[in-house]
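Let's take a friendly walk through this structure together. Keep the 3D view open as you read.

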Amino acid sequence: MTKKATPPKLVSRPKTAAERAARLRKILKLLDEMYPNVKVPLVHRNPWELLVATILSAQCTDKRVNEVTPGLFRKYPSMSDFARANQAELAQDVRSTGFFNNKSKALIGAAQKILTAYHGQVPRSMQELLGVPGAARKTANVVLGGAYGIMEGVVVDTHVQRLSQRLDLSKHQQPVRIEQDLMKIIPKEKWFIFPLQLIHHGRALCPARKPKCAECKLDPICYAKDKSLIL
Ligand code: SF4
């Protein structure tokens, strides 16, 4: 006989700073238990490949990007190959990731900029990366954390945006404001792993529609308005 799951709980908000801090520690601990060994899901062998894959991942699934990049890196094995690529041809090569004209321009621009300004080394600071075509804060955070273990900020994608609100870690909607809120409350050593854990959790149990609250370990401390209270 299959065991029946417990219905999700209605939970009250913490009232004091101490209660909020204790709740945050609990969230971090439970995420560590649920997602102990999370890694960047974009397949890459070096910082340049991670930058390329991250640029391609805008408005596209990681799965699709991982289908495209092996062939792409066979055809354009080095940064120089991207720098001198024919843009129309590269656009077709990345067509299935969407926004292919913009992405192909960004990849060529990024390769040219890094070759001329940084001797072919993907930069290691947020400020420098933000000057590379195609790299906004999210891209820079992925590359800095994933390729170099450098934490200058917190990746905020659509999952982190949604879960930060459901878990009451930010009241804001704009990624840049959410990132600022998270940087204030999440310990710096977790700035890279924490958003990866939220992304995994968003995909596994807490999607935009019909979160699986009855299966979620965060249920006892989650008071999101849109919890699924029905099994
Ligand atoms: S699955 Fe439900 S309980 Fe878990 S974090 Fe999402 S909304 Fe909260």
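A word on classes comes before the tour: Ala, Val, Leu, Ile, Met, Phe, Trp, Tyr, Cys and Pro count as nonpolar, Asp, Glu, Lys and Arg as charged, and the others, Gly among them, as polar. Bear in mind, too, that you are looking at a predicted model.

With those classes in hand, turn to the ligand. The residues around the ligand are Arg166, Leu205, Cys206, Pro211, Lys212, Cys213, Cys216, Leu218, Asp219, Cys222, Ala224 and Lys227. Sorted by class, this shell has eight nonpolar residues, no polar ones and four charged ones.

Now step back to the chain as a whole. Its domain assignment gives domain 1 (20-38 + 154-221) and domain 2 (47-148). Taken over C-alpha atoms, the centres of domain 1 and domain 2 are 27 Å apart. Where the two touch, domain 1 supplies eight residues and domain 2 supplies five residues. On the side of domain 1 that touches domain 2, six residues are nonpolar, none are polar and two are charged.

Next, look inside. The largest nonpolar core has 49 residues, and those with the most contacts inside it are Leu51, Val52, Ile55, Leu107, Ala110, Ala111 and Val143. Helix α2 (residues 47-56) gives the most to this core, contributing seven residues. Both domain 1 (20-38 + 154-221) and domain 2 (47-148) give residues to the core, so it lies between them.

How values were computed
Residues are numbered from 1 along each chain as its sequence is written. This is a predicted model: local features need pLDDT of at least 70, side-chain atom pairs count only at pLDDT 80 or more; totals for chains, interfaces and linings use all residues. A nonpolar core is a set of buried Ala, Val, Leu, Ile, Met, Phe, Trp, Tyr and Cys residues joined through C-beta atoms within 7 Å. A residue is buried if 20 or more other C-beta atoms lie within 10 Å of its own, exposed if 12 or fewer, and partly exposed in between; C-beta atoms are placed from the backbone. Helices (H or I, at least four residues) and strands (E, at least two) are DSSP runs, numbered from the N terminus. Domain bounds come from an automatic or database domain assignment. Two residues are in contact if their C-beta atoms, placed from the backbone, lie within 7 Å. A residue is near a molecule or strand if its C-beta atom, placed from the backbone, lies within 6 Å of it.
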